[in-house]
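This report concerns the arrangement of the domains and the surroundings of the ligand. Please consult the sequence and the structure shown below.

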Amino acid sequence: MDSIIVTGNGPLAGQIPIAGAKNSCLALMPATLLSDEPLTLTNAPRLSDIATMTTLLQSLGAEVSALQEGKVLAMSSHDLTSHTADYDIVRKMRASILVLGPLLARYGEAVVSLPGGCAIGARPVDLHLRALEAMGAELDLRDGYVHAKAPGGLKGGVVEFPFVSVGATENALMAATLAKGTTVLKRAAREPEIVDLAQCLRKMGAQIEGEGTDTITIQGVDRLHGATHPVVTDRIELGTYMLAPAICGGEVELLGGRRNLLAAFCDKLDEAGIEVTETEKGLLVKRRADHIKAVNVTTEPFPGFPTDLQAQMMALLTTAEGVSVLEEKIFENRFMHAPELMRMGAKIDVHGGTATVTGVKKLKGAPVMATDLRASVSLILAGLAAEGTTRVARVYHLDRGYEHVVRKLEGVGAKIERVHGS
Ligand code: UD1
């Protein structure tokens with residue numbers, strides 16, 4: 001297993017290119033299952049989660065070719081050979097459940113293993129299943145698999161989610177494109193990744209209105225056709241790298257970044273004393289003063305502060321002046337980075353879904369362990385600003401969501417390397 005070694009060495013300067021969004025790409029790829037014509041995605045990120053989705057689609061008989069070093073994914077589901085998503089692949093990645101809606105919509109049946117994924121809470125899939133049931137699917141859960149059938153095809157219906165779920169909205173949205181009649185998704189997720197998916201589906205011939213609001217209306221069509229679609233910018237990678245100059249000082253431009261992808265996050269940075277300016281090419285980030293101020297953060301569905309940036313924000317706040325309170329409202333058990341940051345000298349008290357961070361002058365390098373994707377990158381950010389050397393073990397989590405992390409941070413002057421062995 002590889003580790004990353006980071007040595008704190010002061011201000012950063014330069015540019016970091018931001019990739020296409022992992023979470024968007026993971027929803028766009030299963031959309032290929034909805035059509036027998038090719039779907040091509042450009043601006044795809046090069047990540048192990050994308051490789052896992054590729055393997056899953058290929059196991060169903062889809063053709064997936066990674067072109068231009070993986071930046072372009074050319075897919076075709078002309079000749080599917082299986083409707084079963086096997087446990088061995090699904091357990092590696094929770095987003096695998098996103099093949100369920102499309103398979104069911106196009107073929108009237110699907111068998112999908114219940115997923116695994118990051119260890120950040122229970123993360124059930126009941127909302128996905130209830131949404132498909134509201135469209136007439138018959139579901140049977142046995143042996144760890146969902147056996148789904150819609151013999152006469154899915155039918156439009158009203159799906160009212162009890163709370164916001166990004167994945168369940170995506171599954172229902174895809175399924176509804178081929179259902180008979182009109183489907184209305186209420187309390188739908190509003191994330192930019194949902195908008196991206198709806199825009200791609202529309203290019204494929206779907207009739208969708210209201211994406212980006214909490215009510216999405218889909219008029220089912222008989223078939224979808226091929227399309228080419230660029231994956232939206234990864235707002236979580238963007239926010240993560242915006243925190244690098246915020247933590248270390250200096251001035252970094254994030255290429256491809258847009259403020260509207262992360263308005264609530266930018267507002268919090270502003271409150272903490274970090275300046276974010278829109279440029280022609282992206283976003284420029286620098287500190288306003290030597291010190292950053294404590295801020296309180298509550299994670300919420302979009303357009304609120306994203307849970308996927310909570311760990312990284314905590315890394316910033318460990319050295320802020322004053323006391324910050326971080327409330328995690330989306331996932332239980334998402335503070336596993338806190339004890340690791342404390343090994344580096346951070347002062348953090350965790351009670352249930354609330355973490356209280358009392359700023360210290362400086363963190364100190366230490367051997368730490370990554371426990372999930374966003375936790376692992378928060379430890380790297382902390383290491384960039386710490387005194388001495390930090391060794392982050394189990395970085396395979398990182399490969400799921402950050403392409404070329406060493407190269408990107410080295411490019412702005414960070415002292416960082418990847419070594420073999422834990
Ligand atoms: C997606 C993102 C993930 C992000 C999360 C919240 C992808 C591949 N992943 O995950 O990075 O952290 O949105 O922004 O896009 N829930 C249920 N039942 C369900 C579904 C969800 O109880 O059927 C709960 C979850 O446990 C969680 C909350 O709903 O507490 C929100 O989860 P959801 O929005 O569905 O997250 P994902 O789509 O899995």
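## Domain arrangement

In this predicted model, the C-alpha centres of domain 1 and domain 2 are 31 Å apart. Domain 1 comprises 3-19 + 234-419, and domain 2 comprises 22-230. Their contact draws on 22 residues of domain 1 and 20 residues of domain 2.

About 1,800 Å² of area is buried between domain 1 and domain 2, with carbon and sulfur atoms contributing 51% of this area. On the side of domain 1, Phe302, Arg400 and Glu403 provide 34% of the area buried against domain 2, more than any other three residues.

## Position and shell of the ligand

The ligand lies between domain 1 and domain 2, because both domains give residues to the shell around it. This shell holds 19 residues, of which Asp126, Leu127, Ser165, Asp308 and Ile330 come nearest to the ligand. By class, the residues of the shell are 9 nonpolar, 5 polar and 5 charged.

Helices H5 (126-134) and H6 (166-177) each contribute at least two residues to the shell. The largest share, 3 residues, is supplied by H5.

A polar backbone atom of Ile330 is 2.5 Å from a ligand oxygen atom, and a backbone N or O atom of Gly167 is 2.8 Å from a ligand oxygen atom. For Asn23, a polar side-chain atom lies 3.0 Å from an oxygen atom of the ligand. The ligand on its own has 730 Å² of accessible area, and the protein covers 87% of this area.

Notes
Residues are numbered from 1 along each chain as its sequence is written. This is a predicted model: local features need pLDDT of at least 70, side-chain atom pairs count only at pLDDT 80 or more; totals for chains, interfaces and linings use all residues. Side-chain values use heavy atoms; hydrogens and water are left out. A residue is near a molecule or strand if one of its heavy atoms lies within 4 Å of it. A polar contact is a pair of N or O atoms within 3.5 Å; within protein, one must be able to donate a hydrogen and the other to accept it, and residues adjacent in sequence count only if both atoms are side-chain atoms. Accessible areas come from the Shrake-Rupley method with a 1.4 Å probe; for residues, only the protein chains shown count as cover. Helices (H or I, at least four residues) and strands (E, at least two) are DSSP runs, numbered from the N terminus. Ala, Val, Leu, Ile, Met, Phe, Trp, Tyr, Cys and Pro count as nonpolar, Asp, Glu, Lys and Arg as charged, and the others, Gly among them, as polar. Domain bounds come from an automatic or database domain assignment. Contact means heavy atoms within 4.5 Å. Buried area is the accessible area (1.4 Å probe) that two parts lose on being put together, summed over both.
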